[in-house]
Amino acid sequence: MLLVPTFMRALAAAAVCSALFGIAHAADPKPDAVVKTKSIEARVFLDDRIKADAALAADCLAEGRKWLDKNAAEAAASRKEDPQFFKDGGWDFERKYEIRSVVADRYVSILRNDYMNTRGAHPNSDVNTILWDKTDNKRISIRPFFTETADNGATMKAMVKAVIASLKAEKTKRGTSETATDEWFKELKPSLLRIGAVTLAPSTEAGKSSGLTFHYPPYAVGPYAEGEYVAFVPWETLKPYLTAEGTRIFGGARPKGDADGP
């Protein structure tokens with residue numbers, strides 16, 4: 001007599017779970033570019049704010065499509081050479097472009113996060129950044145904000161020193177200070193091309209940036225198990241090296257929520 005109500009409750013629970021799964025699946029965003037073959041399934045996503053800017057969206061999507069084509073070709077070549085490594089399925093890749101900040105209604109910082117599963121010991125991830133000038137509709141560097149950015153110059157030396165200090169503080173906070181060593185930081189050089197992927201951090205002051213954040217994927221400044229790291233350099237640290245434009249766009253403090261996030 002008790003079996004029927006129990007069975008019905010189980011059916012009802014299953015139906016609810018199925019409905020919830022269906023809703024969640026339906027809510028999954030649609031890729032803005034995709035490639036799917038027997039060797040690889042790879043996707044590119046642009047966030048809604050990027051898609052609202054036609055020039056920026058076109059730039060990111062063009063880069064994303066090249067990334068898809070490159071990895072599809074590599075996957076096909078790998079499958080042809082070592083088909084046994086594809087017995088459990090093809091590679092699974094994903095790239096996401098997301099706006100991190102918009103400063104002075106002109107400078108757009110974008111995080112580019114990659115996920116890569118080639119059926120090895122574990123998936124890998126990478127992070128890079130884009131700084132977009134909305135006025136000129138092109139990618140730029142942080143050079144316009146500093147009086148000089150020469151390799152081994154005063155600006156870059158101050159910057160890398162502050163980056164390492166921030167990373168050491170974060171490692172202490174995570175309880176991983178045993179890897180806060182010169183060995184893990186040796187790849188960080190006083191050079192724009194060697195210091196790390198950079199964004200303009202948001203600020204408590206509207207339209208301003210509170211400083212620079214540098215983004216490091218697993219393995220860059222610590223073992224894989226430690227995951228990604230973000231180093232924050234407040235604008236006050238770099239104040240002696242700012243141009244007029246740098247002085248104009250920097251100000252305020254880093255929002256607490258941003259500091260708590262990755």
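In which sense do strands β8 and β9 pair, and over how many bridges? To find out, select residues 211-216, which form β8, together with residues 229-234, which form β9. The two strands pair in the antiparallel sense, over 6 bridges. Keep in mind as you go that this is a predicted model.

**Stop one: across the bridges.** Show the residues of both strands. Histidine 215 has valine 230 in β9 as its bridge partner, and phenylalanine 214 stands opposite alanine 231, also in β9.

You have an open sheet of 3 strands in the order β7-β8-β9, with antiparallel pairing. From one strand to the next, the twist averages 25°.

Next, bring in helix α4, residues 154-174. α4 packs on the sheet, where it touches β8 and β9. The direction of α4 makes about 130° with that of β9.

**Stop three: isoleucine 142.** Select this residue in the loop between β6 (138-140) and α4. Isoleucine 142 has a relative accessible area of 4%, so it counts as buried, the cut-off being under 20%. Setting aside residues up to four places away in sequence, isoleucine 142 touches Leu131, Met159, Leu192, Val198 and Leu212.

Leucine 200 and isoleucine 142 are 58 residues apart in sequence, with their C-alpha atoms 8.8 Å apart in space.

Note on methods
Residues numbered from 1 in each chain as written. Predicted model: local features only at pLDDT ≥ 70, side-chain atom pairs only at ≥ 80, totals over all residues. Heavy atoms only, no water. Buried < 20%, exposed > 50% of the residue type's maximum accessible area, 1.4 Å probe, protein only. Helix = DSSP H or I, 4+ residues; strand = E, 2+ residues; numbered from the N terminus. Pairing = 2+ DSSP bridges. Contact = heavy atoms within 4.5 Å. Axes fitted to C-alpha atoms, helices over the stretch in contact; angles between N-to-C directions.
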